[in-house]
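I opened this entry to record what I looked up in the model, chain by chain.

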Amino acid sequence: MLIKFSKKYDTKPSEITSENNFLTRRRFIQSSLISGASLLSPLGVFAGQPTNNIFSNIKKMSFGANEKLTSFKGITNYNNFYEFGTGKTDPAQYSHLLKTEPWTVEIMGMAKKTGKFSISDLIKPSELEERIYRLRCVEAWSMVIPWVGVPLSSIIKRFEPNSKAKYIAFETLVDKKQMPGQNSKFIDWPYIEGLRMDEAMNPLSILAIGLYGKPMPNQNGAPIRLVVPWKYGFKSIKSIVKISFVENEPKTTWNQLAPREYGFYSNVNPNRDHPRWSQKEERRITGESGLGALFTPKIKTEYLNGYAEEVAHLYKGMDLKQFF
Amino acid sequence: MAKKTRNIYKRLVFVVCLMPLAWLIFAILLDTIYQTQLMSVDPVQKFDRELGDWALIFIILSLSIRPIAELIKKKELIIYRKIFGLFGFFYVCLHLIAYIGLNLQFNMAGLLDDISKRNYITIGIIGFGLLIPMAATSSKKVIKYIGGRLWKKIHSLIYIISLLGVFHFFMMTRADFTRPTVYLIIILILLLYRLATKSKILGQRPLLRK
């Protein structure tokens, strides 16, 4: 069933994507469903669970961007995931070292229920959704990605955080053998990110376990990652092993590294330049390479990455140039 | 060495110096035809970075020619200092063109904004500005016209320029400072060597004096 939430930014996918691309996308998802077992088995995160069942229940959401999707090849070969190296292709090259099974996520802090949970324990009670989101990197490039995931709010609610839980903090796995980029001391591992509780509860925030109808590729943050599309990409932490409900603003990685450049909020904001480059425009990465990509016109960056209607109320009365 | 052989070497070096540019063009064409990702899915960034990197490499190469020639006692090598230096300037120009044309897409307001607000771009532009008099006074005719003393002064700018270039690199780097660090160390060694030799031979060669 197609559940359509009509939004201002919505356009029918058939209108915005070339028909060929659109059909290919559907075929992509279909083929992964048909050959689900074989395709999904390498993931194996849903131990003892016929994985195709979970993925065949993807609720098609019309949370869509008006742009063409970035190709699967593009999404999986151009990543910032410093756990595997600082080069854009390092994650594609080295992330096979990451073992995503078994995988547990520890829930801790100011909540009624805490403990260690498998991915299927976390995800199963919620319905999987496909969310097509724009991803705006702080480096002034962007993509459009069809994520598969569940609303973060549906997961948070189950653990019943108490009134002291003002923020939620996330941590990425630390394991130098699986993540060779962690041999670099540039970052004080683990990578930490966080949200204010109302941001985390916003319907746009999801925990994603796949993209393009497929299990999450390792280089994109397998097996489970955060996606907060109105914030710069680095807020959407990958390969999460710990989620804690906390009272104070978490000390997040990039904010600690360079507080003048990366704020805790890091909302996409064309009016607040990064000290070293403009944030007014962005290069849209379509996945195409060569001259086509070299001469693609830049596009204007939208306030809150075009999701103001959904999230601007969270920042009422806040000066986002001060709280950048 | 015979003049003929030297000329062949010179031409060979010239062709080799063009190789990085040839590779970049070849790679982007290959990407266009076969959708390979030699220049990644963000070739704008890649072009900018590669050209900037080659500019620094050629400037450093140019700087290292004299010490190498002195150390291995091959005076004739000194001609390559000019070739590498001019290629450094050539790649700096391409780097600047890529930044203005491909990255800013000729958004001149954006350029002024960048130059005035962002220190690393200010520094980069100053470095480029200082390279112009050097490039302009590289031919033998001009050297004769302006005299060796002035030429020397102008061309000692290269130490400042190379440091500006490497600081420019440092300041734009988001993570992994290995490359700019290596470049800085090499430049500092070359600078120290120069200072040491200069103080030793002061008086013997009046041209080196101020």
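How many residues has helix 3 of chain B, and how far does it reach from its first C-alpha to its last? I found 25 residues (79–103) and a reach of 35 Å, close to the 36 Å expected at 1.5 Å a residue; the expected span is 1.5 Å times one less than the number of residues. Helices (H or I, at least four residues) and strands (E, at least two) are DSSP runs, numbered from the N terminus.

I noted that this is a predicted model, in which local features need pLDDT of at least 70, side-chain atom pairs count only at pLDDT 80 or more, and totals for chains, interfaces and linings use all residues. Residues are numbered from 1 along each chain as its sequence is written, and chains are lettered from A and ligands numbered from 1 in the order in which they are written.

I then listed buried residues of helix 3 of chain B, including B:Phe84, B:Phe87, B:Tyr91 and B:His95. A residue is buried if 20 or more other C-beta atoms, placed from the backbone, lie within 10 Å of its own. Their cover includes helix 1, helix 2 and helix 5 (119–136) of chain B. Just after helix 3, B:Gln105 takes a positive phi of about 50 degrees.

For the interface, I recorded 21 residues of chain B in contact with 23 of chain A (C-beta atoms, placed from the backbone, within 7 Å). Helix 1 (3–34), helix 2 (43–71) and helix 4 (108–117) of chain B each supply at least two residues of that side; helix 1 gives the most, with 3.

Key:
Contact = placed C-beta atoms within 7 Å. Buried ≥ 20, exposed ≤ 12 C-beta atoms within 10 Å, placed from the backbone.
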